[in-house]
Amino acid sequence: KQTEVLSAIDKMAKKVGEKAVNMTSYLSGRAKLSAYTEIAIRLLVEKGEITTKDLIEHLNSGDAGKPYSIGTSRSQTHQMFSLLPQMKVGIMDGKVMKVNEDSAIVAKFRAEMA
């Protein structure tokens, strides 16, 4: 399983792969989630489903703690919509990402939110 995950990470775009490594370290308790990953997962878990528009607006509006530029909001959203389904945190249903209730990362995140 570990070899399979590492092989998948190697095939990801560089920035997405870096976030995937961070997520695996988070899952094993060795790291905190990166800020953008935490923001995206929190929004997904709270809403149950999100679109790229939802995440861009959330990042750009300041609802995520501070307003990010539109360029940053768009690029981070693109990365999250690539990363989260590959890491089994979200499930794409057309243009909507739904939370994967069977995800170990989601379970850990929810436990920490409680």
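Two strands count as paired here if DSSP finds at least two bridges between them. Keep that in mind for the sheet. And note that this is a predicted model.

Now the pairing of β2 with β3. Strand β3 covers residues 96–99. Four bridges join β2 and β3, in the antiparallel sense. Met 92 is placed opposite Met 97 of β3.

Next, the helices. Two packed helices are described by the angle between their axes and the distance between the axes. Take α2, residues 14–27, and α6, residues 104–113. Their axes come within 10 Å. They cross at roughly 60°. Angles of 65 to 115 degrees would count as roughly perpendicular, and those under 35 as roughly parallel. α2 and α6 are therefore oblique to each other. The crossing of α2 past α6 is left-handed.

Which residues meet there? From α2, we have Met 23, Tyr 26 and Leu 27. From α6, they meet Ala 104, Ile 105, Lys 108, Phe 109 and Glu 112.

Stay with Tyr 26 and Lys 108. What sits over the ring of Tyr 26? The charged end of Lys 108 does, 5.0 Å from the ring centre.

Last, the aromatics. How many aromatic pairs does the structure hold? One.

Definitions and conventions:
Residues numbered from 1 in each chain as written. Predicted model: local features only at pLDDT ≥ 70, side-chain atom pairs only at ≥ 80, totals over all residues. Heavy atoms only, no water. Helix = DSSP H or I, 4+ residues; strand = E, 2+ residues; numbered from the N terminus. Phe/Tyr/Trp six-rings, centres within 6.5 Å; stacked < 30°, edge-to-face > 60°. Lys NZ or Arg CZ within 6 Å of the ring centre and 35° of its normal. Axes fitted to C-alpha atoms, helices over the stretch in contact; angles between N-to-C directions. Parallel < 35°, antiparallel > 145°, perpendicular 65-115°, else oblique. Left-handed = near helix turned anticlockwise from the far one by under 90°. Contact = heavy atoms within 4.5 Å.
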